[in-house]
Amino acid sequence: MAEENTEVIQKALGTLQKRAYQNKLAHKFNVTDLNLEFCLLYGEVAEAYDAWNKETGEVGEELADVAIYLLGLAEILGVDLGAVILGKMDKNEKRIYPRRKSTRGAKLS
């Protein structure tokens, strides 16, 4: 990935992290109980799965909720999610994965 694209992505995710956190503060949502934050994130993932599984047409919005929760949690934890994601993607692109059987018609590798 070109260096300028990496910087743009990292900056954009950093901005979104701060925005998600500021929204939590503005609405007086939890920003201190990390156990609760992880449970709420898990709940958002469950809602996304449910929307997909029931084909409600709302899976995109539910995935957005997952991303927003994750961004807020990253900001609370002081994690530069943009940098970590880009590094992890680079690592994954170089990794060799064993092939697995697919489920529900999806091809997994």
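## Starting with exposure

A residue is called buried under 20% relative accessible area, exposed over 50%, and partly exposed in between (1.4 Å probe, protein chains only). Tyr49 is partly exposed, with a relative accessible area of 47%. Trp52 is partly exposed too, at 40% relative accessibility.

This is a predicted model, where local features need pLDDT of at least 70, side-chain atom pairs count only at pLDDT 80 or more, and totals for chains, interfaces and linings use all residues. Residues are numbered from 1 along each chain as its sequence is written, and side-chain values use heavy atoms, leaving out hydrogens and water.

## A pair of rings

What kind of aromatic pair do Tyr49 and Trp52 form? Theirs is tilted, at 5.7 Å centre to centre with 45° between the planes. Rings of Phe, Tyr and Trp (its six-membered ring) pair if their centres lie within 6.5 Å; planes under 30 degrees apart count as stacked, over 60 as edge-to-face and the rest as tilted. The count by this rule is 1 aromatic pair. Tyr49 and Trp52 are 3 residues apart in helix H2, which means about one helical turn separates them.

## Two helices side by side

Now look at helix H2 (residues 34-53) and helix H3 (residues 59-77): their axes come within 8 Å and cross at roughly 165°. Axes here are lines fitted to C-alpha atoms, for helices over the stretch in contact, with angles from 0 to 180 degrees between N-to-C directions. Helices are DSSP runs (H or I, at least four residues), numbered from the N terminus. H2 and H3 are therefore roughly antiparallel, a term for angles over 145 degrees.

Terms used
Angles under 35 degrees count as roughly parallel, over 145 as roughly antiparallel, 65 to 115 as roughly perpendicular and the rest as oblique.
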